[in-house]
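Here are my notes on the structure shown below. Please read them with the model open beside you.

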Amino acid sequence: MSRVVLSIGSNIGDRKARLRSVIDGLAEAVRAVSPVYETQPWGGVAQDHFLNAVVIAEDADLDARGWLRRAQDLERAAERVRAQRWGPRTLDVDLISCRAADREVTCRDDDLTLPHPRAHQRAFVLLPWLAVEPDATLTVDGVARPVTDLLAELDPAERGGVRPTDLTLS
């Protein structure tokens, strides 16, 4: 059994429908879905605001690479184009953390890095994650840290750029 934390986001077209397509695509694997947050763009590229959420899913048949393929399939179905780093996207599905056999999976290669190397710097990942898993931990520099601590260490402007909405995906 593997368990994955996915960060999902969209800022092109029907943003909520794009996020919903992830829930529909994962179907029975979904264990928890965060509320939806509206987020200022990250990375310095001028663009519209994102809708973001976190999904926790489990599947006995998928390992970390299987989750990566699944995430990329969902992005392709949403016609994701990777034209500009941190640019606008129809759908972004990032693997944040993966656990298998009660241990965190670590991976460092060209197409997959786990845990996600910048998740601890992104309030749009941490806030939704805490909404569905208040005791979440994330390994940063080889040390498992409470996500609440990681969020508290972020600049208040970063946290303030992530606002709850009335939207739900479940």
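1. Buried means under 20% relative accessible area, exposed means over 50%, and partly exposed lies in between (1.4 Å probe, protein chains only). The model is predicted, so local features need pLDDT of at least 70 and side-chain atom pairs count only at pLDDT 80 or more, while totals for chains, interfaces and linings use all residues. Residues are numbered from 1 along each chain as its sequence is written, and side-chain values use heavy atoms, with hydrogens and water left out.

2. A27 counts as partly exposed because its relative accessibility is 37%. A27 sits in the loop between α1 (15-26) and β2 (30-33). Helices (H or I, at least four residues) and strands (E, at least two) are DSSP runs, numbered from the N terminus. Phi of A27 is near 50°, a positive value in a residue other than glycine.

3. A101 also has a phi near 50°, again positive in a residue other than glycine. A101 is found in the loop between β5 and β6 (103-104). With a relative accessible area of 68%, A101 is exposed.

4. Most residues other than glycine have a negative phi, and most peptide bonds are trans. The peptide bond from L114 to P115 is cis, with omega near -10°. P115 belongs to the loop between β8 (113-114) and α3 (123-132).

5. Is R89 buried or exposed? R89 counts as buried, because its relative accessibility is 11%. R89 lies in the loop between α2 (64-77) and β5 (92-100). Its side chain makes a polar contact with the side chain of D92 at 3.4 Å (a pair of N or O atoms within 3.5 Å; within protein, one must be able to donate a hydrogen and the other to accept it, and residues adjacent in sequence count only if both atoms are side-chain atoms). Setting aside neighbours within four places in sequence, R89 is in contact (heavy atoms within 4.5 Å) with S10, N11, I12, F50 and R80.

6. Which residues of α1 meet α2? They are S21, V22, G25 and L26, and their partners in α2 are W67, R70 and L74.
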